[in-house]
Amino acid sequence: MTRRTEWPDSADGIHSAAGDAETRSGRRGGRGRENGGGSALASGEGEPASSRAEAGPPRTPEEQARAICLRLLTGSPRTRKQLEDALRRRGIPDEAAQDVLSRFEDVGLINDAAFADAWVESRHHGRGLARRALARELRTKGVDSALIDEAVGRLDSEQEESTARELVDRKLRTTRGLDREKRLRRLAGMLARKGYSEGLALRVVRQALEEEGEDPDLLEEHLRED
């Protein structure tokens, strides 16, 4: 059974690291002003930040890449592939992008394994998604297949079936009044859309309907017809 964590919490380290980077940058800027001396106007402190940026030399591709990645990571955790795609869309040269992404991995700002673990916990407990659906989502985000297998493997079959039953119990009330076949199809279809296997979905739904008083022989007949 997995330990439940809240997904947004996984971005705390990103906020802290981004703040540290900005603080260090501020200290360097301060030392430069002290060494240079002169008035605030001469040093550019009296001018708006946008004016100074326009007047200064253009930033290198690496500096642009770092700024883009920090901004994105401050909003929410991202995989390396997501950041790589974002840099490509913004015209950052591949060599500069890969260099910055590798540095971010070295210091832990990019961690696809931690991303996958947090994603599985959040989406399973929050949305009730099964391992198959979780693996599909992680693949679309560019997570390596070995990391995906490790992350979804922490969600055991017992936990998955328990979650499926909770989903059915919550949906059961809304199907009352429908005929037996429609209830069976609707509930099983809901589980299938969340990535549960057909066998598990039908087993859980049949058990729930039997506990409500449905005739198990008639349910079995409907299952054989399918």
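Helices H4 and H5 are oblique to each other, a class left for angles that are not under 35 degrees (roughly parallel), over 145 (roughly antiparallel) or 65 to 115 (roughly perpendicular). The structure is a predicted model, in which local features need pLDDT of at least 70 and side-chain atom pairs count only at pLDDT 80 or more, while totals for chains, interfaces and linings use all residues. Residues are numbered from 1 along each chain as its sequence is written, and side-chain values use heavy atoms, with hydrogens and water left out.

H4 spans residues 61–75 and H5 residues 80–89; helices (H or I, at least four residues) are DSSP runs numbered from the N terminus, as are strands (E, at least two). The two helices pack at an angle of about 130°, and their axes are 10 Å apart. Axes are lines fitted to C-alpha atoms, for helices over the stretch in contact, and angles run from 0 to 180 degrees between N-to-C directions. On the H4 side the contact (heavy atoms within 4.5 Å) is made by Ala65, Ile68, Cys69, Leu72 and Leu73, and on the H5 side by Leu83, Ala86 and Leu87.

An unreviewed UniProt entry annotates residues 65–103 as "domain: RecX first three-helical"; such annotations may be inferred rather than shown by experiment, and positions follow the numbering used here, with feature names shortened. Over residues 65–103 the chain is 79% helix and 0% strand, with the end C-alpha atoms 11 Å apart.

One aromatic pair is present in the structure. The ring centres of Phe115 and Trp119 lie 5.7 Å apart with the planes at 15°, so the pair is stacked. Rings of Phe, Tyr and Trp (its six-membered ring) pair if their centres lie within 6.5 Å, and planes under 30 degrees apart count as stacked, over 60 as edge-to-face and the rest as tilted. Both residues belong to helix H7 (residues 112–127), where they are four residues apart, about one turn of the helix. Phe115 and Trp119 are both buried (under 20% relative accessible area; exposed is over 50%, partly exposed in between; 1.4 Å probe, protein chains only).

Arg165, in helix H10 (residues 157–175), is buried, with a relative accessible area of 18%. Not counting residues up to four places away in sequence, Arg165 touches Val204, Gln207, Ala208 and Glu211. Arg203 lies in helix H12 (residues 198–211) and is partly exposed, at a relative accessible area of 38%. Arg203 and Ala188 are separated by 15 residues in sequence and by 9.1 Å in space, C-alpha to C-alpha.
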